[in-house]
Amino acid sequence: MPELPEVEVVRRGLEAHVAGRGIARVEVLHPRAIRRHELGPEDFTGRLAGARVEAARRRGKYLWLELSDKEAILAHLGMSGQMLVQPEGAPDEKHLRVRIRFDDGGPELRFVDQRTFGGLALADLVTSDGTLLPAPIAHIARDPMDPEFDPAAAVTALRSRRTEIKRALLDQTLVSGVGNIYADESLWRARLHWARPTEKLTRAQGAAVLEAAAEVMNEALRAGGTSFDALYVNVNGQSGYFDRSLNVYGQGDRPCRRCGTPIRREPFMNRSSYFCPRCQPRPRRTH
């Protein structure tokens with residue numbers, strides 16, 4: 001699933017092409033695409049007609065279009081969701097699910113989703129931690145790239161859990177934006193094994209891994225994100241290329257770029273963890 005850099009690439013495109021425009025008409029071409037909007041397609045399309053997009057926002061891996069009247073279109077990209085800006089009249093994509101037309105007659109916004117795991121929903125905006133957020137994600141923590149992110153508080157939150165460091169990094173209520181790819185990359189940079197117990201992290205180690213997360217995600221953002229296939233694209237349909245710079249994720253059996261030791265892959269929560277056994281030694285069991 002897309003992580004913070006990939007979602008931020010999409011947000012920037014939406015801010016440039018959609019913010020400030022009025023919505024003329026919305027078409028729902030597949031009801032599953034708005035299944036999270038409990039009042040159904042007619043309510044979704046009816047309430048959006050005449051609304052104005054004020055801004056494109058993001059927190060962690062979550063994206064939304066802020067509307068007037070303290071409402072938002074919350075987008076769940078899922079495994080294959082795309083927000084594409086296309087000229088009106090351009091051929092429809094095979095997996096087009098929702099079309100949003102604007103009153104200026106300019107390019108339209110299309111939600112395309114091959115696997116239909118993603119979707120759109122209207123949500124009320126509520127104040128959480130001094131920021132307006134869609135109500136369904138009001139519990140999501142700030143991410144390391146947020147100007148108001150508090151590293152010391154995040155380290156305290158990580159160390160307060162009795163779990164493995166990677167599981168804690170993936171907990172969006174502790175620190176948001178980090179998924180499987182950037183967790184592995186951050187831990188490699190911080191020289192920490194994914195199974196290190198959080199309660200045994202020093203403050204310096206906690207700060208190091210969060211600093212590494214911000215660093216690697218900024219680098220990924222500059223590269224347009226990480227795209228392993230044609231499903232991860234920006235609003236113009238272009239793929240990112242940070243996959244060429246990955247140090248451990250997906251690099252099983254290849255030499256570590258730091259020490260030359262073969263990268264190892266281990267099962268983790270129905271996924272995989274990649275690490276260097278020399279740079280990131282497994283923590284010793286205490287019992």
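The following legends describe close-up views of a predicted model.

**View 1. The five-stranded open sheet.** Five strands form an open sheet in the order E2-E3-E4-E8-E9, and their pairing is antiparallel. Strand E2 (53-59) and strand E9 (131-134) stand at the edges; each has a single partner strand, so one side of each is left without a neighbour in the sheet. On average, and with direction ignored, neighbouring strands of this sheet are turned by 30° against each other.

View 2. Strand E3 (residues 62-67) and strand E4 (residues 71-76) run antiparallel and are joined by five bridges. Within this pair, Glu-66 stands opposite Ala-72 in E4. Helix H1 (residues 4-17) packs on the sheet, where it touches E2 and E3. The direction of H1 makes about 170° with that of E2.

**View 3. The four-stranded open sheet.** A sheet of four strands, also open, has the order E1-E6-E7-E5 with antiparallel pairing. Its edge strands are strand E1 (23-28) and strand E5 (81-86), each of which pairs on one side only. Neighbouring strands here are turned by 15° against each other on average, direction ignored. Strands of a sheet pair through backbone hydrogen bonds, either parallel or antiparallel. E5 and E7 pair in the antiparallel sense over six bridges, and Gln-82 stands opposite Val-112 in E7.

**View 4. Helix H2 and the strands of both sheets.** Helix H2 (residues 40-48) lies across E3, E4 and strand E8 (119-128), which belong to the sheet ordered E2-E3-E4-E8-E9. Relative to E8, H2 runs at about 60°. H2 also lies across E1 and E6, two members of the sheet ordered E1-E6-E7-E5.

View 5. A search of the whole structure finds one cavity of 30 Å³ or more, and the volume of the largest cavity is about 30 Å³. Its lining consists of Leu-65, Ile-73, Met-83, Val-98, Ile-100, Leu-109, Arg-110, Phe-111 and Leu-120. By residue class, the lining comprises eight nonpolar residues, no polar residues and one charged residue. Strand E6 (96-102) and strand E7 (108-113) each supply at least two of the lining residues. E7 gives the most, with three residues.

**View 6. Positions listed as "binding site" in UniProt.** The unreviewed UniProt entry lists His-95, Arg-115 and Arg-161 under "binding site". These positions span 67 residues in sequence, and the farthest two C-alpha atoms are 41.3 Å apart, so they do not all gather at one spot. Of the listed residues, Arg-115 lies in the loop between E7 and E8.

View 7. In the unreviewed UniProt entry, the annotation "domain: Formamidopyrimidine-DNA glycosylase catalytic" covers residues 2-118. Over this range the chain is 20% helix and 38% strand. The end C-alpha atoms of residues 2-118 are 11 Å apart.

Terms used: Residues numbered from 1 in each chain as written. Predicted model: local features only at pLDDT ≥ 70, side-chain atom pairs only at ≥ 80, totals over all residues. Heavy atoms only, no water. 1 Å grid on protein atoms, 1.4 Å probe; cavity = no way out; pocket = protein on both sides within 12 Å on 5 of 7 lines; lining within 4 Å. Points joined across faces, edges and corners; volume = space filled by probe spheres on them. Nonpolar A, V, L, I, M, F, W, Y, C, P; charged D, E, K, R; others polar. Pairing = 2+ DSSP bridges. Axes fitted to C-alpha atoms, helices over the stretch in contact; angles between N-to-C directions. Contact = heavy atoms within 4.5 Å. UniProt positions renumbered as here; feature names shortened; annotations may be inferred.
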